[in-house]
Structures are given as C-alpha cells and as structure tokens.
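Dear colleague,

I am passing on to you the structure that we spoke about, and I would be grateful if you could look through it before reading my notes. The notes come after it.

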Amino acid sequence: MSALTLAPPDVMIPVAARLATVDKETHDTFTLTLAANSREQELPAFAPGQFSMLYVFATGELPISISGDPAERGKLVYTVRSVGKVTHALVTSRPGESIGVRGPFGTAWPLKESYGRDVLIVAGGIGLAPLRPAILHVLRHRGDYGRLIVLYGARSPQDLLFRKQLSAWNYVPDTLIINTVDYGGLSWRGNVGVVTTLFRHVRLQPARTTAMVCGPEIMMRYVVRELLARGLSDEDIHLSMERNMKCAVGFCGHCQLGPYFVCKDGPIFTYGKLKRWMDRYEL
Amino acid sequence: MIKSKNLVETLKEHAFLAGFRPAHIDRLAAMAHEVHFERDQVIFREGDESSFFYLILSGKVALEVTALGKTLRVQTLREGEELGWSSAMETSSKHFQARALTVVRALAFDGARLREACEQECAFGYALMRRLLSVVASRLQAFRLQLLDMYSPEGPKTS
C-alpha cells in the first residue's frame, strides 16, 4: 500500500463538538446543529456534498452528510433519519451534549464546474439532505448559474423534508421546485407519483445542464435513465453514493465499490465512473 | 370556448400529440370538445364505462383507488398529459377514479368515435395507439417503483 493512502493519525480521532439544537423535520427525521465547544475551537469548513463521521460516545460512529449552508461558518448541520441504534442515539441527544466529529470527508458536488449552467437537482427521501448545501450555494450565488430546478420525491406528504424552505425557494427567480409523494391521502393536493414522473413537467437543455442526484440507488438508476433519454451526457450526471463507511479515509475498505472507495473517491461520482458498478449484485 | 381554428393550434401544442401529423391533428380536432371540471369534481369513477378520453389543457387531476374503505391518491396528472386511455379499449372500464384537484380545462373525445376513427384510418390509429402505449408503459413503470416503497426505513421491498 502506498504511503499516500495512509491517513494522518488525527483524522481518526473525533473532535468533541457541542450539540446546539435538535429540530424535528418529520416523524423520524431530525436536523442537528453542532457548534464549537469553546471560543478557541473552530469547526471545519466543508464543501457541499461532503460528509462527517459523527460519534455518539459509548454508542457508535456513523457517516452523515452535511445538510447546512456552506457559507455559514462556525456550525455544522446534519439531517438524520432515526433508523438504527446510533441514529436514534443521535436524534435523542440533548442540546449541550457532546458529539464526536471527524471530517468533513469525500468529494463535493461540481458547483464550480457548473458556473453558467442550469443545475438540476433530483432528490429522493432523505437524499435531499446532502443536496441542500448545493441548493443553498446556488441560491446564494444566483447570478453565477442558469436555471435551478429541484425535483424532489418523498414517501408521503408527512415525509417531505424542509417544506417551508422548498416553498420559499420557488419564489426565487429562475428557480423551479417540484415535489411529489409516492402516496397521498385525500388532504394532499400536491403531486403524486414517483420522482421520475416529474421529468414530464420540465424542459431541459441537455448541453448546458448539470444534474446532481441523491436518493435510494434504485431511484437513481431510473433517474439516470430519464436524464440519458433527455440527452445529458454521462459526465454531466453526478450521483451521491452510500456504502458502509467506517474509517472514511480509504483505509479499511468497507465501502469499496468496484475500484473505488466511496468514502474518499466519492461519495459524489459522475455516472461515467459508476455505470459499470451500479446495481451489480453483491457490490 | 376554443374556436375550431384555435382547436387545431391547441392540439398541435399539446405534449401528448408532439410530432402528430397535421392531417391526424385535423381528424382529432373534428372530434374534440372543450370541457371544464370544478375543484373536487369526480370526473369518472373506478368501474365506470370508459366513455371519454381527455387531453388536459390546464389544472391538476388525481387518480385515486379505494381499498379497504380508504381512498389513496396514486398519481396526479397535469397539463400536457392525457386522462382516460382505457376509452380506446372497446370492452374496458375505468381502472381508477379521477378527481379534479383544481379547476381543470380539457379537451374531451368520445371513445367510440375515437375507436371508429382508428378503424377507418390505420395510420391514425397506429399513431394514437403508439402514444397511448407509451403512456401505459410509463405508468406501469411508475407503479412498479411505487410498489417497491423506495423510501421506506427498511429500504425497497424485495420480497
């Protein structure tokens, strides 16, 4: 193994940050804000799309994408769905408690490369969380980009994340936000249908569009089909992958996907890099 | 109410008919009449005889299914989409209930006349059926994905 792949030792040591707020987004999803523990401590900057390893002391550590505004320094924001022991411990932690943080790690959404281009965001479920920093960046630098289109699908109206923000973003010029849910009750008057059905309602300019996609892998597979059918190239489609990340620095190999380690070569990949490896059995 | 000349233009611009031959557009225009539905109006019910085929011009329609005493919205349709493809099948009845979620403006086509036109001119019938098949295929695909329940905390259903 080359020396370059060995992580410096401090990357493996969590830094204790203070849990500032815990906000309920949906019945099982919460947004956590971490702040510095002291005046001397400075929380690291991050690029949209990156993740941290969050450590609940005495419970365990897991990778969580950063969902906050990259321009807001001094805090780190994460949106976490409570689905297991560590995530449950995270979302039931109380403000003031310490959470261990390593990172940020991984590749970022191609925001510099997308200057002057239309940005198409396609998100499913909790997949909106890692895309929110990219959306916030584009909104903050609105003049640097073409149209911003966000297509977002969730399981039900109760599962839609950041609902107030989504509504507010729709009023920004050249910005189109369309939500849909897989199942709607009679009180829901919005769109019903999987996220791929929303493509019928947008007209893309494939040569000048960069797509950023995050959600369950099966959703991304069908979204990619729609994007390719509309003329986007493999290199203009960017996907955020999820694997069993442990060390987060390409050392342990738990998150290997074909020739890549998702933690350090990803989590954001172009479809061109991934297409041989997506949906391969036991990969 | 749309005048007959404008009706042709309206049909030409409708996404469902993109690439349709002008002569076929004229044929459809001769059969079309404009209809309006009020918010919450049931356009047709599951099991109804499939009498009309609609091209939605504005507004939003929900497809609903009732099971175990509950009504579930399974898809919404908007301008540029079609509603009531089963009217193209002689022996078919409506598979879902359709309800206007907003005020809806549409062009309606009598299913029997539409089928007759397809029989009379096979090229027209083939062009229309190709589009309908595409709609049916994409809805089938969408329903398959819905059945997987992709966003479930347990992950997609695989068995």
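What follows is a description of the contact between the chains, then of some salt bridges, a helix and a few single residues.

This is a predicted model, in which local features need pLDDT of at least 70 and side-chain atom pairs count only at pLDDT 80 or more, while totals for chains, interfaces and linings use all residues. Residues are numbered from 1 along each chain as its sequence is written, chains are lettered from A and ligands numbered from 1 in the order in which they are written, and side-chain values use heavy atoms, with hydrogens and water left out.

The two chains

The contact between the chains draws on 31 residues from chain A and 28 residues from chain B, where contact means heavy atoms within 4.5 Å. The size of an interface is often given as the accessible area lost when the parts come together. Here chain A and chain B bury about 2600 Å² between them, with 53% of it on carbon and sulfur atoms; buried area is the accessible area (1.4 Å probe) that two parts lose on being put together, summed over both.

Across this interface there are 13 residue pairs in polar contact, both residues being at pLDDT 80 or more. A polar contact is a pair of N or O atoms within 3.5 Å; within protein, one must be able to donate a hydrogen and the other to accept it, and residues adjacent in sequence count only if both atoms are side-chain atoms. On the side of chain A that touches chain B, strand S8 (148-154), strand S10 (191-192) and helix H4 (217-229) of chain A each supply at least two residues, and H4(A) gives the most, with three residues. Helices (H or I, at least four residues) and strands (E, at least two) are DSSP runs, numbered from the N terminus. The residues on that side of chain A divide into 13 nonpolar, 12 polar and six charged, where Ala, Val, Leu, Ile, Met, Phe, Trp, Tyr, Cys and Pro count as nonpolar, Asp, Glu, Lys and Arg as charged, and the others, Gly among them, as polar.

Salt bridges

A search of the whole structure finds 22 salt bridges over all chains, and three salt bridges are counted between chain A and chain B; the term stands for a side-chain nitrogen of Lys or Arg within 4 Å of a carboxyl oxygen of Asp or Glu. One salt bridge is formed by Arg200(A) and Glu81(B), whose closest N and O atoms are 2.9 Å apart. Arg200(A) lies in the loop between S10 and strand S11 (209-214) of chain A and Glu81(B) in the loop between strand S5 (70-77) and strand S6 (82-83) of chain B, so the pair joins two chains. Arg200(A) is partly exposed, at 38% relative accessible area, whereas Glu81(B) is buried, at 5% (buried means under 20% relative accessible area, exposed over 50%, partly exposed in between, with a 1.4 Å probe and protein chains only).

Within chain B, the side chains of Arg27(B) and Glu121(B) meet in a salt bridge (3.0 Å, N to O). The pair links distant parts of the chain, 94 residues apart, with Arg27(B) in helix H2 (residues 22-29) and Glu121(B) in the loop between helix H3 (111-120) and H4 of chain B.

A helix of chain B

Helix H4 of chain B (residues 122-148) has 27 residues, which at 1.5 Å a residue should span 39 Å, and its end C-alpha atoms are 38 Å apart, which agrees; the expected span is 1.5 Å times one less than the number of residues. Buried residues in H4(B) include Phe124(B), Leu128(B), Leu132(B) and Val135(B). Just after H4(B), Asp149(B) takes a positive phi of about 50°.

Single residues of chain A

Ser52(A) lies in strand S3 (residues 51-56) of chain A and is buried, with a relative accessible area of 1%. The side chain of Ser52(A) makes a polar contact with that of Tyr78(A) (2.7 Å).

Ser240(A), in strand S12 (residues 237-240) of chain A, is buried at 6% relative accessible area.

Gly68(A), in the loop between strand S4 (60-65) and strand S5 (75-81) of chain A, is also buried, at 5% relative accessibility.

With kind regards
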